[in-house]
Amino acid sequence: MKVLHLIKTLGLGGAEVNLLNLLGAFDPARVESHVGYSFGGEIEMGFRACGARLFKYSSGSHKIKSLHTPLIISRIWTYL
């Protein structure tokens, strides 16, 4: 099964650490994990080490409701 997780950063925050722990609990023989993010951070290497495929959907820290939203949605759609 392929699973795409979307998160804004790969920094050292609560949501990011929880996602990293979740990915570590998956059996890589059964689950192919993909992580879409806007910009990296301190634990980016941890995501790479657990075998997640990283997809950078934006090059900046854009708000959800901005002029960049259609472009971000298009990039995610293309990745899917």
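Throughout, buried means under 20% relative accessible area, exposed over 50%, and partly exposed in between, with a 1.4 Å probe and protein chains only. This is a predicted model, in which local features need pLDDT of at least 70 and side-chain atom pairs count only at pLDDT 80 or more, while totals for chains, interfaces and linings use all residues. Residues are numbered from 1 along each chain as its sequence is written, and side-chain values use heavy atoms, with hydrogens and water left out.

Glu42 sits in the loop between E2 and helix H2 (44-49). Helices (H or I, at least four residues) and strands (E, at least two) are DSSP runs, numbered from the N terminus. Beyond residues up to four places away in sequence, Glu42 touches Leu10, Gly11 and Leu12, where contact means heavy atoms within 4.5 Å. The side chain of Glu42 reaches the backbone nitrogen of Leu12 at 2.9 Å. That is a polar contact, defined as a pair of N or O atoms within 3.5 Å; within protein, one must be able to donate a hydrogen and the other to accept it, and residues adjacent in sequence count only if both atoms are side-chain atoms.

In what order do the three strands of the open sheet stand? The order is E1-E2-E3, and the pairing is parallel; two strands pair if DSSP finds at least two bridges between them. Strand E1 (2-6) and strand E3 (53-56) are the edge strands, each with a single partner, so one side of each is left without a neighbour in the sheet. From one strand to the next, the twist averages 25 degrees. E1 pairs with strand E2 (residues 32-37) over five bridges, and His34 in E2 is the bridge partner of Leu4.

Helix H3 (residues 69-79) packs on this sheet and touches E1, E2 and E3; its direction makes about 150 degrees with that of E3. Axes here are lines fitted to C-alpha atoms, for helices over the stretch in contact, and angles run from 0 to 180 degrees between N-to-C directions.

Within H3, Thr69, Ile72 and Ile76 are buried. Seen down the helix axis, the buried residues of H3 fall within an arc of 65 degrees, so they line one face; the arc is that of the directions from the helix axis to the C-beta atoms. Their cover includes E1 and E3. Pro70, Trp77 and Thr78, on the other side of H3, are exposed.

How many aromatic pairs does a search of the whole structure find? There is one. The rings of Phe55 and Tyr79 have centres 4.1 Å apart and planes at 15 degrees, so the pair is stacked. Rings of Phe, Tyr and Trp (its six-membered ring) pair if their centres lie within 6.5 Å; planes under 30 degrees apart count as stacked, over 60 as edge-to-face and the rest as tilted. Phe55 belongs to strand E3 and Tyr79 to helix H3, 24 residues apart. Phe55 is buried at 13% relative accessible area, whereas Tyr79 is partly exposed at 31%.

Finally, His5 lies in strand E1 and is buried, at 14%.
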